[in-house]
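Dear colleague,

I am handing over the structure below, and after it I set out what was found. Please read the notes with the coordinates open beside them.

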Amino acid sequence: MRPLLLLSIRADDAAADNEYASFLGLAGLEERDLHRVRLDQRALGDIDLRDWSGIWLGGGPFNYSDAEESKSPVQRRVEADLRGLLDAVIGADFPFLGACYGVGALGNHQRGVLSRRYAEPVGLVRVALTPPGRRDPLLRDLPDTFDAFTGHKEAISKLPGHAVLLASSAACPVQAFRFGANVYATQFHPELDAEGLCTRIEVYKHAGYFDPAQAEELKALARRSDVRHPPAILRAFVRRYGPGRTGRSEATAAGISGSRDGGLTSASRR
């Protein structure tokens, strides 16, 4: 049984550990089912997609729209690692879900336009599914509109023409999209519950997402919010692709086994 792979970019242990625990708990997984690689600590190296049932990419403080000269060596290395991985993922239409930072990673890789125009403060947002979103295998169990937690400095301002828009919000037109049949990204956080958001509010209190004086008010808002629908995306992903599942299409499986380099490694394909 192949596990899922979670890629993390969070350098703070409290935030990174809470993210892993949140993905586990809200997706209904055991630790043996979800292997974590902390890209803040080491390079990704070669990834053979045949070792994994799917890949998740968590959020974090990096932004693709940051000025190049302001990016740390770790941020540049993470971006290079993800370029190589996404070459393989997109080429094979391999099951992938990126949360928040994943929007930037996928959007940048596929030549979408990223900007600070549609940034959203930390807190609650009302998300609406598009008609394709209401039919999508990962999102169709959600209501047409639902509340989610968000907080980001950049967003997609123009999707590539081959992307399928799945969800939107009043302040951020691109809240979820899909490439091919199996490659997804959400701007909101499907892995967050109230306590998880409170952890991140504390960790990133001085990271420029909000006025630090608002931290306790934002925590109180999180705890009185009814954000119960977004984790259904994770559970649908696990049902469709997760350990022991056979949800990938025959075309996707053929794309993996038929990769021109044979090994389907990621970083080596840069």
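This is a predicted model: local features need pLDDT of at least 70, side-chain atom pairs count only at pLDDT 80 or more; totals for chains, interfaces and linings use all residues.

Residues are numbered from 1 along each chain as its sequence is written, and side-chain values use heavy atoms, with hydrogens and water left out.

Strand 6, which spans residues 120-129, contains Val125. Val125 counts as buried because its relative accessibility is 9%, where buried means under 20% relative accessible area, exposed over 50% and partly exposed in between, with a 1.4 Å probe and protein chains only. Leaving aside neighbours within four places in sequence, Val125 is in contact (heavy atoms within 4.5 Å) with Glu120, Phe146, Asp147, Ala148, Thr150, Ser169 and Gln175. Between the C-alpha atoms of Val125 and Leu86, which are 39 residues apart along the chain, the separation is 28 Å.

As for the chain overall, the protein has eight helices and eleven strands. Of its 270 residues, 58% are buried, and the C-alpha atoms fill a box of roughly 55 × 40 × 40 Å, taken along the principal axes.

Turning to the interior, a nonpolar core is a set of buried Ala, Val, Leu, Ile, Met, Phe, Trp, Tyr and Cys residues joined through side-chain atoms within 4.5 Å. The largest such core holds 34 residues, of which Leu7, Leu49, Ile55, Leu82, Leu85, Val89 and Phe177 touch the most other members. At least two residues of this core come from each of strand 1 (4-8), strand 3 (54-57), helix 2 (73-92), helix 3, strand 10 (176-179) and strand 11 (183-186), and helix 2 gives the most, with seven residues. A second, separate core has 31 residues, including Phe23, Leu24, Ala176 and Tyr241.

Beyond its neighbours within four places in sequence, Leu7 is in contact with several residues, among them Val37, Ile55, Leu82 and Leu85.

Helix 3, covering residues 101-109, is mostly covered, since eight of its nine residues are buried; these include Tyr101, Val103, Leu106 and His109. Just after helix 3, Arg111 takes a positive phi of about 65°.

With kind regards

Terms used
Helices (H or I, at least four residues) and strands (E, at least two) are DSSP runs, numbered from the N terminus.
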